[in-house]
Structures are given as structure tokens and as C-alpha cells.
Amino acid sequence: MMDFARRGVMLVIASPSGAGKSSISRQLFAQDPNIRLSVSITTRTRRTDEIDGTHYHFIDVPTFEKMRERGELLEWAEVHGNYYATPREKVEERLSAGKDILFDIDYQGTLQLYENCRDDMVTVFILPPSIAELRARLERRAQDSEGTIEKRLRNARKEMEHYSEYDYVLVNEDLEQSVQMVRSILASARLQRGRQTRLEGFVDELKAQIDALG
Ligand code: GDP
Ligand code: ADP
Ligand code: 5GP
């Protein structure tokens, strides 16, 4: 397929904790090198399988507050008692280079991004098939303490109420299928007319070819 110059997509994926955002994103990155994670900063402690600078930049609260005061954050939120934020730098750089960015951020962050970046954004909300399954996934992930899991389950109720603020909603039952669906959403977003920056020139060229037929 012909590939036109285009502006990058800001793909926002949200869900209650444990519904499968990270799993879906991981597979998406493995299958599509043009999309990368926006690496957030967070004040929460690192999980054993997380790499500083890859999954998050792990920082302390004073550093977070300094960055916020300096206006270095595109959005920020307090989730489960910790701070999370998207550093402004890099986002515009990637978008103008035609590269896509995936945002794994909560609804508070999504609303803030809408204010500044609506035209660049496509948002997806992921639901678990059931709460029993959500709990089972949080337990299987075995990365959070029992107390943390309970907190995340309670927070899921609040998080889920915001599904209606998203463009697309999907239930993550089968992981492969969910990844395919997110890939389809991304493929459509890339083709949106407003994102394609050289269409006019291309159509002019096609017209010139017709004119040349005589
Ligand atoms: P629990 O879920 O009932 O255990 O209560 P939490 O206090 O852990 O979380 C309830 C909500 O308050 C969540 O949305 C958290 O993100 C938020 N939250 C947690 N700690 C703080 C805090 O220190 N300050 C503020 N403003 N919000 C907090
Ligand atoms: P989130 O990033 O939304 O908090 P994760 O991607 O970490 O959630 O998923 C939580 C747990 O559920 C992980 O152990 C993951 O392997 C598992 N999981 C994710 N999607 C599915 C699925 N469709 N079917 C079964 N297990 C899943
Ligand atoms: P976790 O601790 O499970 O990695 O993430 C907890 C929550 O914080 C998730 O709902 C995730 O979407 C959200 N989150 C992660 N990074 C950011 C960020 O940069 N900004 C905002 N607003 N939320 C974030």
C-alpha cells in the first residue's frame, strides 16, 4: 500500500487496573514498530518486572513537584495514591515525525490531553469480561500486595464510569483478538484525511496525469 506522509496518532488506552492494557500494548509494540509507549513519570515503587526508563521513569515526590511547577508536564494525575504524569518533551517531536505514541493513562489524564491535543487523539477503553476475572488477573499478575489488589478493585468502579468519554470500547476476553481490534483502530486512525499531510499534492499529480492523456 502507498504510504503518505502523515502526522502521528496519539493512541490513548485506558481501563481499570488489570483489564489488560499492558498486555495488549506489549503485543502491539511487538507487531508494529511505528508505535511506541509514552514513558510516564511516576512516584510509585517499581514492580520487579519493570525497567526504569522503559515502563516508567521512577521519580520521587519532590522531583515530580518541581517538574509540574516548571510546566514540563502535558498532563498529570494522582492514581491509587501515587502521582503519574506525561512529560511534554518528545510527544510533539514524534507526532511531527509521523510516529505514533501509545498513552497508558487514566481518565483524569485523558481529559487533560483532550484540552490540548484533541485532534491528535484516538481513545480506547478496555473492559474486563467480569469482575471475578479481573480479580483473577490481578492475582495472577502477582505484582501487587493483597491490599493493593483490593484498592485497585474498588477503584475499578470509578474508572469504569468513564467509559463513555472514549471513542472506542472493547471487552478484553481473548487477548489476541483484542490486539487485532486495537490494530484495526490504529490502522483507521492513520488513514484519517486530517492526518495525511501530502494528499493535496498527490491528487494534483493524479490530475496532471489525466490532463497529460490529452
Ligand atoms: P481506597 O481506594 O478507598 O482505599 O482509598 P484511596 O485513598 O487509596 O483512593 C481513593 C481515591 O483517592 C483514588 O482515586 C486515589 O487516587 C485518591 N487518592 C489516594 N491518596 C490520595 C492523596 O493523598 N491525595 C489525593 N488528593 N487523592 C488521593
Ligand atoms: P493492566 O495493564 O490493564 O493493569 P495487565 O495487562 O497487566 O493489565 O493484565 C493483568 C493480568 O491479566 C496479567 O497477568 C495478564 O497476563 C492477564 N491478562 C491480560 N489480558 C488477558 C486476557 N485476555 N485473558 C487472560 N488473561 C489476561
Ligand atoms: P500502574 O500503577 O498499574 O502502572 O498504573 C496505574 C494507573 O495510572 C493506570 O490507570 C494508568 O493508566 C495510570 N497512568 C500511568 N501513567 C500515567 C500518566 O502519565 N498520566 C496519567 N494521568 N495516568 C497515568
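Strand β5 (73-79) and helix α6 (146-160) each supply at least two residues of the shell around ligand 1; helices (H or I, at least four residues) and strands (E, at least two) are DSSP runs, numbered from the N terminus. The model is predicted: local features need pLDDT of at least 70 and side-chain atom pairs pLDDT 80 or more, while totals for chains, interfaces and linings use all residues. Residues are numbered from 1 along each chain, chains are lettered from A and ligands numbered from 1 as written, and side-chain values use heavy atoms, without hydrogens and water.

The shell consists of E78, V79, H80, G81, K151, N155 and K158, where near means a heavy atom within 4 Å of the ligand. Helix α6 gives the largest share, three residues.

I turn to polar contacts, pairs of N or O atoms within 3.5 Å. A backbone N or O atom of H80 lies 2.9 Å from a ligand oxygen atom. For K151, a polar side-chain atom is 3.3 Å from an oxygen atom of ligand 1. The protein buries 42% of the 560 Å² that ligand 1 exposes when taken alone, by the Shrake-Rupley method with a 1.4 Å probe.

Now to the sheet. Five strands form an open sheet with parallel pairing, in the order β2-β7-β1-β8-β9; pairing requires at least two DSSP bridges between two strands.

Which strands does helix α4 (residues 107-117) lie across? Helix α4 lies across β1, β7 and β8, at about 165 degrees to β8, with angles running from 0 to 180 degrees between N-to-C directions of axes fitted to C-alpha atoms, for helices over the stretch in contact, that is, with heavy atoms within 4.5 Å.

Notes: Polar contact = N/O pair within 3.5 Å; in protein donor to acceptor, adjacent residues only side chain to side chain.
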